[in-house]
Amino acid sequence: VRIQCCNGIMCASGGGGRYLERIFEKHLTDAGVIESVELISPGCMGSCAEGPCVRINGQKFFHVSPDDVPALIAGEVIPLLKE
């Protein structure tokens, strides 16, 4: 599973980017699945007005906050790992 946290200027300044990547890393580690996930922060993903933006295996999620991360892991990442 690949998780990308947009690191464009708008997303990063809005609490995304590497900060959001670290939040994902913590929760993925706590869930015991960090080894099964590729976690990266690419440049701008082109959704500046909807940032912070996260892409999980190609599906974009918009206005992602740190509080959204546990639900995204439980609802999107874990099911993909079970496929």
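Is Val64 buried or exposed, judged by relative accessibility? At 5% relative accessibility, Val64 counts as buried, where buried means under 20% relative accessible area, exposed over 50% and partly exposed in between, with a 1.4 Å probe and protein chains only.

## Basis of the model

This is a predicted model, in which local features need pLDDT of at least 70 and side-chain atom pairs count only at pLDDT 80 or more, while totals for chains, interfaces and linings use all residues. Residues are numbered from 1 along each chain as its sequence is written, and side-chain values use heavy atoms, with hydrogens and water left out.

## Overall fold

The protein chain contains 3 helices and 4 strands, taken as DSSP runs numbered from the N terminus (helices H or I, at least four residues; strands E, at least two). Along the sequence their pattern is β-α-α-β-β-β-α. The radius of gyration is 12 Å, close to the 12 Å that the globule rule gives for 83 residues, so the protein chain is as compact as a globular protein of that length. That radius is taken over C-alpha atoms, and the globule rule is 2.2 Å times the number of residues to the power 0.38. The C-alpha atoms fill a box of roughly 30 × 20 × 20 Å along the principal axes.

Of the 83 residues, 35% count as buried. Contact means heavy atoms within 4.5 Å. Among contacts with a separation of 6 or more, 60% are between residues 24 or more positions apart.

## Surface and charge

The accessible surface of the protein chain is about 4,500 Å², and carbon and sulfur atoms hold 51% of that area. Areas come from the Shrake-Rupley method with a 1.4 Å probe; for residues, only the protein chains shown count as cover.

There are 7 positive and 10 negative side chains, and the centres of the two sets lie 4 Å apart. Lys and Arg count as positive and Asp and Glu as negative, with His and the chain ends not counted. Each charge is placed at NZ of Lys, CZ of Arg, CG of Asp or CD of Glu.

## Nonpolar core

In soluble globular proteins, nonpolar side chains tend to be buried together. A nonpolar core is here a set of buried Ala, Val, Leu, Ile, Met, Phe, Trp, Tyr and Cys residues joined through side-chain atoms within 4.5 Å. The largest one has 17 residues, of which Ile3, Phe24, Leu28 and Val54 touch the most other members. At least two residues of this core come from each of β1 (2-5), α2 (17-30), β3 (54-56) and α3 (69-82).

Beyond its neighbours within four places in sequence, Leu28 is in contact with Ile3, Val33, Ile34, Val37, Leu39, Ile73 and Val77.

Gln4 is in strand β1 and is buried, with a relative accessible area of 10%. Leaving aside neighbours within four places in sequence, the contacts of Gln4 are Ile40, Pro42, Met45, Cys53, Val54 and Arg55.

Val64 is in the loop between β4 and α3. With neighbours within four places in sequence set aside, Val64 is in contact with Leu20, Pro52, Val54 and Leu72. Val64 and Cys5 are 59 residues apart in sequence, with 9.4 Å between their C-alpha atoms.

## Cys44

Cys44 is in the loop between β2 and β3 and counts as partly exposed at 48% relative accessibility. The C-alpha atoms of Cys44 and Asn7 are separated by 5.8 Å, though the two lie 37 residues apart along the chain. Not counting residues up to four places away in sequence, Cys44 touches Cys6 and Gly8.

## Backbone exceptions

Most residues other than glycine have a negative phi, and most peptide bonds are trans. The peptide bond from Gly51 to Pro52 is cis, with omega near -5°. Pro52 lies in the loop between β2 (38-40) and β3.

Two residues other than glycine have a positive phi. Asn57, in the loop between β3 and β4 (59-61), has phi near 50° and is partly exposed at 45% relative accessibility. His63, in the loop between β4 and α3, has phi of about 55°.
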